[in-house]
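Hi,

Here is the structure I promised to pass on. Please have a look before reading my notes below.

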Amino acid sequence: MNEAVKMTEEQQQQWIREQYQTATKYLAEKGIVTNSVKTEDSRYLVPLLALWKLTSLEGKSYWVLCGDLPSDHSSAEVATNARDALRHFSLKWQMQAENLLQAKSEEQHDFAQLLIGRAEGLYKLYEDESLWQAK
C-alpha cells in the first residue's frame, strides 16, 4: 500500500480510470456490455485492486474485480456490498485453486498458487475493519 502514498492524486485518478476500462473490457470479452457503474458501491485500493459494481444493458448487475490480481466477475446477487463481494471472490478463488491443484499441469499448479495467495490477501482486506469504517 506504500505505492499509493507515492502516487499523486492525478496518478491515482488515472489508475482508477484505467481499472474501470479494464473491468468494462473484461466484461465485454465475456459478452456483457455495461451501461452504468454504481460508484457509491464500488471500492478502490490504489494500486492494488478495484472492485466495481457495474450494470449491463440488460439491467443485470455484476461485481467486477481487477487490479494487481486476476480479473474476475460475479453476479451482484452474491453480495450486498463491496466487503462481502471481496469475501465471495476470496472463497471462490480458494475453491478454484483446489480444483486446479488436482490437475496434472505445472502451469495450472502455478496459477493455483497465485489464486491462493490473492484469495488470502482479499480475505485479509475483508477482515480489516479500518478499511470499512464510514469516512
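My notes go from the overall fold to the cores and then to one residue in a strand.

First, the ground rules. This is a predicted model: local features need pLDDT of at least 70, side-chain atom pairs count only at pLDDT 80 or more, and totals for chains, interfaces and linings use all residues. Residues are numbered from 1 along each chain as its sequence is written, and side-chain values use heavy atoms, with hydrogens and water left out.

Overall fold. The protein chain has four helices and five strands. These are DSSP runs, numbered from the N terminus: H or I of at least four residues for helices, E of at least two for strands. Along the sequence the order is α-α-β-β-β-β-β-α-α. The radius of gyration, taken over C-alpha atoms, is 15 Å, close to the 14 Å that the globule rule gives for 135 residues, so the chain is as compact as a globular protein of that length. That rule is 2.2 Å times the number of residues to the power 0.38. Along the principal axes, the C-alpha atoms fill a box of roughly 45 × 40 × 25 Å.

Surface and burial. The accessible surface is about 8,300 Å², and carbon and sulfur atoms hold 48% of it. Areas come from the Shrake-Rupley method with a 1.4 Å probe; for residues, only the protein chains shown count as cover. Of the 135 residues, 39% are buried (under 20% relative accessible area, 1.4 Å probe, protein chains only).

Cores. A nonpolar core is a set of buried Ala, Val, Leu, Ile, Met, Phe, Trp, Tyr and Cys residues joined through side-chain atoms within 4.5 Å. The largest one has 20 residues; Leu-49, Leu-51, Trp-63, Leu-65, Trp-93 and Leu-122 have the most contacts inside it. At least two residues each come from β3 (49-56), β4 (61-67), α3 (82-101) and α4 (106-127). The largest share, seven residues, is from α3. A separate core of 14 residues includes Trp-15, Ile-16, Val-46 and Ala-50.

Leu-122. Beyond its neighbours within four places in sequence, Leu-122 is in contact (heavy atoms within 4.5 Å) with Leu-49, Leu-65, Leu-69, Leu-86, Phe-89, Ser-90 and Trp-93.

Thr-55. This residue lies in strand β3. Thr-55 counts as buried because its relative accessibility is 11%. Leaving aside neighbours within four places in sequence, its contacts are Thr-34, Asn-35, Ser-36, Lys-38, Lys-60 and Ser-61.

Best wishes

Key: Buried means under 20% relative accessible area, exposed over 50%, partly exposed in between (1.4 Å probe, protein chains only).
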